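Here is a short report on how two chains meet. Look over the sequence and the model first, then read on.

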Amino acid sequence: MAPPARYCVPGERLCSAEEATAGSGTYTRHGFIFSSLAGCLEKRSEDGGLPVVSVVRDAESQLLPDVGAVVTCKVCSINSRFAKVHILYVGSTPLKSAFRGTIRKEDIRATEKDKVRVQMVPISWCEMQCPQTHTKDFRKVARVQPQFLQT
Amino acid sequence: MAAPELLSDEGYRADGRRPAELRKVRARMGVFAQADGSAYIEQGNTKALAVVYGPHEMRGSRSKALPDRAVVNCQYSMATFSTGERRRRPHGDRQAGELALHLKQTFEAAILTHLFPRSQIDIYVQILQADGGNYCACVNAATLAVMDAGIPMRDYVCASSAGLAEETPLADLSSPEEAAAGGPGLVLALLPAAGQIALVQLSARLHQERLEAAMEAAGQACRALHAVLDRVVRERLREVTALMGD
């Protein structure tokens with residue numbers, strides 16, 4: 001591998017804010033760009049305008065879900081008002097530790113929000129079943145209607 | 001009045017150092033593979049270990065999550081074997097709580113927390129051997145650990161203690177020098193590049209005219225420490241890129 005251009009440490013002054021734009025791993029202060037990570041300096045030239053200066057580390061830093069991000073989640077618990085999910089991927093990068101989220105029933109569909117119904121029918125004293133996908137969920141149930149009872 | 005044995009007639013301290021001389025520093029980053037970042041530092045006989053996790057989702061109460069920045073959660077503990085007599089309680093005592101709060105305030109000033117809203121960053125420090133300058137060793141170890149974890153920071157945070165022997169300021173106090181009867185002890189945590197002070201603490205009493213000399217001695221010690229820590233970080237960067245390149 002080619003030797004890296006330059007190592008930077010946090011607090012190191014890289015250049016003035018007029019010569020380049022601050023990218024990831026840097027911050028600006030008093031008209032200068034400083035490094036905020038310990039890594040390798042990278043200077044990329046943008047098509048129209050100033051080059052972008054950023055500091056990269058070999059290991060990717062933890063990506064956090066942010067407003068507007070597209071995430072892949074797995075539902076871990078569901079009830080009639082909302083579903084609880086584990087956020088596993090942000091974009092296409094997997095997260096080291098799953099974040100928890102909630103999807104309310106009003107947020108499931110953009111239109112006809114009132115008509116969304118999360119349907120789970122109790123089939124025995126400890127199981128509920130979705131009428132469409134027929135997947136079973138273990139849950140303590142108070143009373144089962146006789147026509148649904150499966151013992 | 002400072003005890004006469006702090007500084008001999010030839011100008012040497014009890015452990016043979018000059019007044020402005022720091023103790024020998026040995027540091028290593030990345031000592032634990034499981035944690036996001038970790039570091040170990042030895043300053044003379046004081047040994048401190050720091051481990052960093054994060055940024056990750058708020059554990060515990062979600063209501064304490066801040067909407068615009070990350071919460072820095074610190075814990076300070078001393079191993080039971082760290083002092084001359086075996087300690088009973090490693091965490092719960094008041095001194096540990098106070099030092100943990102100081103660490104939290106120091107690192108909230110240095111870490112760019114606004115990049116991670118609604119998250120938590122955990123910094124755990126443990127003193128394995130206490131010989132003066134406990135808080136300072138913790139700050140220095142935690143700085144290296146946070147850098148190892150790849151969490152963006154404004155600058156290094158370097159901490160050092162300073163005291164006075166009659167009129168001469170002493171830098172980097174060891175345990176017998178800290179315990180010297182009535183002697184003032186100044187602790188300074190500095191962000192060296194900008195010269196910004198993250199924390200300053202004074203115990204006992206100090207005459208106003210002596211304050212500047214003591215602060216200057218502590219500042220010089222922090223800058224010297226910054227040079228040492230910088231070497232450690234650059235060495236680590238070379239080591240990591242060499243490993244990745246193979």
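Chain B and chain A are joined by two salt bridges (a side-chain nitrogen of Lys or Arg within 4 Å of a carboxyl oxygen of Asp or Glu). One links the side chains of A:Glu12 and B:Arg234, at 3.0 Å from N to O.

This is a predicted model, where local features need pLDDT of at least 70, side-chain atom pairs count only at pLDDT 80 or more, and totals for chains, interfaces and linings use all residues. Residues are numbered from 1 along each chain as its sequence is written, chains are lettered from A in the order in which they are written, and side-chain values use heavy atoms, without hydrogens and water.

## The area between the chains

Chain B brings 31 residues to the contact and chain A brings 25 (contact means heavy atoms within 4.5 Å). Together they bury about 2,200 Å², with 58% of it on carbon and sulfur atoms. Buried area is the accessible area (1.4 Å probe) that two parts lose on being put together, summed over both. B:Glu57, B:Arg234 and B:Leu237 supply 23% of the area that chain B buries against chain A, more than any other three residues.

## A residue in strand E3

B:Thr46 is found in strand E3 of chain B (strands are DSSP runs of at least two residues, numbered from the N terminus). B:Thr46 is buried, at 0% relative accessible area (buried means under 20%, with a 1.4 Å probe and protein chains only). Its side chain reaches the backbone oxygen of B:Gly132 at 2.8 Å. Beyond four places in sequence, B:Thr46 has contacts including B:Arg23, B:Ile41 and B:Ala137.

Definitions and conventions:
Helices (H or I, at least four residues) and strands (E, at least two) are DSSP runs, numbered from the N terminus. Buried means under 20% relative accessible area, exposed over 50%, partly exposed in between (1.4 Å probe, protein chains only). A polar contact is a pair of N or O atoms within 3.5 Å; within protein, one must be able to donate a hydrogen and the other to accept it, and residues adjacent in sequence count only if both atoms are side-chain atoms.
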